[in-house]
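Work through the exercises below with the model open beside you. Try each task before reading its solution.

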Amino acid sequence: MELIITEKDNAARRIADILSGGTYDSSRENGVNVYEWGGKRCVGLSGHVVGVDFPSEYSDWRDVEPVELIDANIEKTATKENIVATLRILARRAERVAIATDYDREGELIGKEAYDIVREVDEDVPIRRVRFSSITENEVQNAFDEPDELDFDLAAAGEARQIIDLIWGAALTRFLSLSAGQLGNDFISVGRVQSPTLKLIVDREREIQAFDPETYWELFADLRQAETTFEAQYFYRDEDDNEAERVWAEARADEVYETLSSRDAATVVDVNRRTRTDAPPAPFNTTQFIRAASAIGYSAKRAMSIAEDLYTAGYITYPRTDNTVYPDDLDPEELLEEFVGHSTLGDSADSLLEADEIRPTEGDEETTDHPPIHPTGEIPSRGGDVSDDEWEIYELVVRRFYATVADPAEWEHLKVVAEVDDARLKANGKRLVEPGYHDVYPYFNTTENYVPDVETGEELSIEDVECEEKETQPPRRYGQSRLIETMEDLGLGTKSTRHNTLEKLYDRGYIESDPPRPTKLAMAVVDAAENYADRVVSEGMTAQLEADMDAIASGEADLEDVTDESREMLEEIFANLADSREEIGDHLRKSLKDDKRLGPCPECGEDLLVRQSRHGSYFIGCDGYPDCENTLPLPSTGKPLIMDGECEDHGLNEVKMLAGRQTFVHGCPLCKADEAGEGEILGSCPDCGDEHDGELVVKTLQSGSRLVGCTRYPDCEYSLPLPRRGEIEVTDDRCEEHDLPELVVHSGDEPWELGCPICNYQEFQAREADSGSDLESLDGVGAKTVEKLVDAGIESLDDLSDADPDAVADDVDGVSADRVRSWQAKA
């Protein structure tokens, strides 16, 4: 029997389908899917099934000094015991083994872990390595026809990263957490790549906070030629003889405004016409793909999660790549022909195939492991094979490929300069003469600006003059894609880890919102590191370690030498930290409280803080507890974010609840409490109306939630949910079955005719029953996420409640451990 080992179950299923021609059978071994056909077994891992950790005697944070971890032994232990057990069982029966994990540093290490497990049970069985950049029939068949050997140097580079990240992360995380008294789930996280990345965000925030705006003025005039009016802007030559539009002195701005306003016409003194070639973009590498996906509304994490799913399904090539040069064996014409006749993508392919010569663009980076990200030629059906989001990302990849084989665009630019006494006005027009690649890649701005064709000496009427007072603006926060590009420029992390680093910063409460904004805790952690151990947040140190790991991969360095050097760096850092533990702890504790503060308690004047109950729900509590027991509820959906906006009535900061696409602004908690109460009576309560005269009313709770409930609560707990947002209209139409008025919710452009609240809830329950899983009842869990959870063995809310959040996060792409914990709290 031949055993084939892939990185994940969905890859195993896809490869089994290709190699068996769709004839495979599947079974379960220890809860793991095994695919079988023609003397072959294929099994998927769940990423890393073996992890590195310290021996158990180092597990108690209070009994072990963090510095002791630097030289502690490191053990390898099974993190997915059922998968490891299944692999051992299958390996004992195998006559040969093929490792088909992803071809990158992490995939090679995962393959090495599988190799070691197989070798533990059979020292002699032949083990070969197969590599491919897309899970398509041709690539997979070719890879199995031409197997290779495992790259032990590349795997060692991945193992070095594991060891270094463990030592640095564990030792520094424990030091800061113990110093601040933050243990359990609220520990203060530090990481080798995470911390320098956080410093980038904090440094930008410092620039924004320190920014002192300057006032300036800009002047505009509408010029008319015959029936055409166009806008021109005042400009002058600065000290360096460059064109400048901002006027820094108000007196000069007034003088120019008076000059322009007092004249009827301006004389054209210069007309400049030129054409510009707009070259098509280079092929997608990971960073540029994330940037393009961000421009159409996808976070880095979401974009990569979708790309990985599309890769596993065989629709695009491997999405983790630095390469921007297509390989010689890629035939662009042949790939374009795959799309001919497609209802959405076919016309563009047809137009590109009409070219006399098809020559792809090239970027600056050429590597030999994976090609740039491009479609494979297999086309999914929208709404069938892929969701709308997946199709949108797939089409982005296809059209980027189209753009790289399309013609350049041509722009025509016209600059007109007109003069009024000593004041000059300019108007810049542009027109897209040849759309070129923009016809097939509609993601770049092609807005035209019309300026009429005028001649030197021509008089243009001045129609309107405006002088606008403005202020200089602080630098903008990094967007996720721009931050990943900056990380790449500085050598922080790898193409495979950068987007995950950002997700960790969100999960640990260091950044919030998008673009990412650092919390006060983040500012304090970076401040403490800069003052007492600046190498922790130094991108130079981290980049050097990344270079060392690259040297391991190329065989130029040894794993032990690199990890020993890293330990020595960390020992130097701890030597600087040792005497400042108490001071660092005080600084961090203050910042932790600042991140949770809303404002003064109306009952005692102490601070109102966001708190979390032992069950995971959030509420507002007074810092004066137990002397003051004032509390306010928060919505059960989402994680609270304290906003900058302050309530005029109560002096409290407003709260936003972060819940993915269901994110909403809760507002001032005191205002919400004041708004709580009962609305008009709808009708008789079906549970107690006949016997006790209970009636149904629309209720607004202090948490902001709304429901239809009984007036006899708490004696009668009958209730029906209502949407949180929108004005609820009670109509005159009544339900014949329940004798209740029909409701309409006014929110957004179109009103939602909710109807009878009882009928509406019964229809909802019927839909839930038809879905076959109660997981979708959780906010933020859709059908695709349910599918991923089920693949990981989580088939119900009970399964989810009993699961280990970290294990689920490892098994399910795009889901963090903190998100699992929030689902468990709701479940």
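**Exercise 1. Helix packing**

At what angle do helix α6 and helix α14 pack, and how far apart are their axes? Classify the arrangement, then list the contact residues.

Solution. 
- Start from the source: this is a predicted model.
- Locate the helices. Helix α6 covers residues 194–210 and helix α14 covers residues 498–507.
- Read off the geometry. The angle is about 75 degrees, and the axes lie 10 Å apart.
- Classify. Angles of 65 to 115 degrees count as roughly perpendicular, so α6 is roughly perpendicular to α14.
- List the contacts. From α6 come Gln194, Thr197, Leu198 and Ile201; from α14 come Thr501, Leu502, Lys504 and Leu505.
- Sort them by type. The contact of α6 with α14 holds 4 nonpolar, 3 polar and 1 charged residue.

**Exercise 2. An open sheet**

In what order do the 3 strands of the open sheet with β29 lie, and is the pairing parallel or antiparallel? Then find the edges.

Solution. 
- Order the strands: β29-β30-β31, with antiparallel pairing.
- Find the edges. β29 (727–734) and β31 (752–755) each have a single partner strand, so one side of each lacks a neighbour in the sheet.
- Inspect one pairing. Strand β30 (residues 741–746) runs antiparallel to β29, and 5 bridges join them.
- Pick one bridge. Val730 has Leu743 in β30 as its bridge partner.

**Exercise 3. Nonpolar cores**

Which residues touch the most other members of the largest nonpolar core? Trace the contacts of one of them.

Solution. 
- The largest core has 127 residues, and Phe289 and Tyr402 touch the most other members.
- Find the main contributor. Helix α5 (residues 152–180) supplies the largest share of this core, 15 residues.
- Trace Tyr402. Setting aside neighbours within four places in sequence, Tyr402 contacts Leu336, Phe339, Leu345, Ser348, Ala349, Leu352 and Val440.
- Look for another core. A second, separate one has 26 residues, including Val256, Val268, Val451 and Ile462.

**Exercise 4. The setting of Glu434**

Where is Glu434 placed?

Solution. 
- Glu434 belongs to strand β14 (residues 423–434).
- Find its contacts. Beyond neighbours within four places in sequence, Glu434 touches Ala409 and Glu410.
- Compare sequence and space. Asp407 is 27 residues from Glu434 along the chain, and their C-alpha atoms are separated by 9.2 Å.

Methods
Residues numbered from 1 in each chain as written. Predicted model: local features only at pLDDT ≥ 70, side-chain atom pairs only at ≥ 80, totals over all residues. Heavy atoms only, no water. Axes fitted to C-alpha atoms, helices over the stretch in contact; angles between N-to-C directions. Helix = DSSP H or I, 4+ residues; strand = E, 2+ residues; numbered from the N terminus. Parallel < 35°, antiparallel > 145°, perpendicular 65-115°, else oblique. Contact = heavy atoms within 4.5 Å. Nonpolar A, V, L, I, M, F, W, Y, C, P; charged D, E, K, R; others polar. Pairing = 2+ DSSP bridges. Core = buried A, V, L, I, M, F, W, Y, C linked by side-chain atoms within 4.5 Å. Buried < 20%, exposed > 50% of the residue type's maximum accessible area, 1.4 Å probe, protein only.
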